[in-house]
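Reader: I have a chain open on my screen and would like to talk through its fold. Could you walk me through it?

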Amino acid sequence: MVSVYDVPADALIEDVADRLADRIEEPDWIDFAKTGQTKELPPQQDDFWYVRAASLLRKVAKEGPIGVDRLSTEYGGRKRGSNRYKVSGNSSGTGSKKVIRKALQQLEEEGLVETAKGQGRRITAEGQSFLDNAAADVLDELDRPELERYA
């Protein structure tokens, strides 16, 4: 049985994003929202919402139960210090919690994720089988000899 750990993350996220495009809807405000405090512009990808939801589903499956705060630090970036003066060095910034929370709520409505009281979100049995089926399809489509041992 192929699992999330057996296939490359980028190929799995791309396949799951295509599958989620039929199940969840992109909010109207996503064209105007930044994805973190370190960003200056909204995302430019057409399928950003589905890719982020697929990535969140994979992270919850691998690391869950996990909360929105910890996920926002994982989707954060580097805040640069001042350009004019060397007053402070680089530090890290968090990602948008609204984007993460809304995507998790949509995944929860689909029955792929559930809330663990006081611990964050974790994947359901339906969500795990959804990811495992996607991973099996990705492994069949990939033409990489180093992954043959998992087939």
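Reader: Among contacts between residues at least 6 apart in sequence, what percentage join residues at least 24 apart?
Author: This is a predicted model, where local features need pLDDT of at least 70, side-chain atom pairs count only at pLDDT 80 or more, and totals for chains, interfaces and linings use all residues. Residues are numbered from 1 along each chain as its sequence is written, and side-chain values use heavy atoms, leaving out hydrogens and water. A contact means heavy atoms within 4.5 Å. Of the contacts between residues at least 6 apart, the share joining residues at least 24 apart is 63%.

Reader: How is helix α1 oriented to helix α2?
Author: Axes are lines fitted to C-alpha atoms, for helices over the stretch in contact, with angles from 0 to 180 degrees between N-to-C directions. The axes of α1 (residues 9-20) and α2 (residues 48-63) come within 8 Å and cross at roughly 120°. Angles under 35 degrees count as roughly parallel, over 145 as roughly antiparallel, 65 to 115 as roughly perpendicular and the rest as oblique, so α1 is to α2 oblique.

Reader: And which residue in β4 is the bridge partner of Val113?
Author: Strands pair if DSSP finds at least two bridges between them. Four bridges join β3 (residues 113-116) to the antiparallel β4 (residues 120-123). In β4, the partner of Val113 is Ile123.

Technical notes
Helix = DSSP H or I, 4+ residues; strand = E, 2+ residues; numbered from the N terminus.
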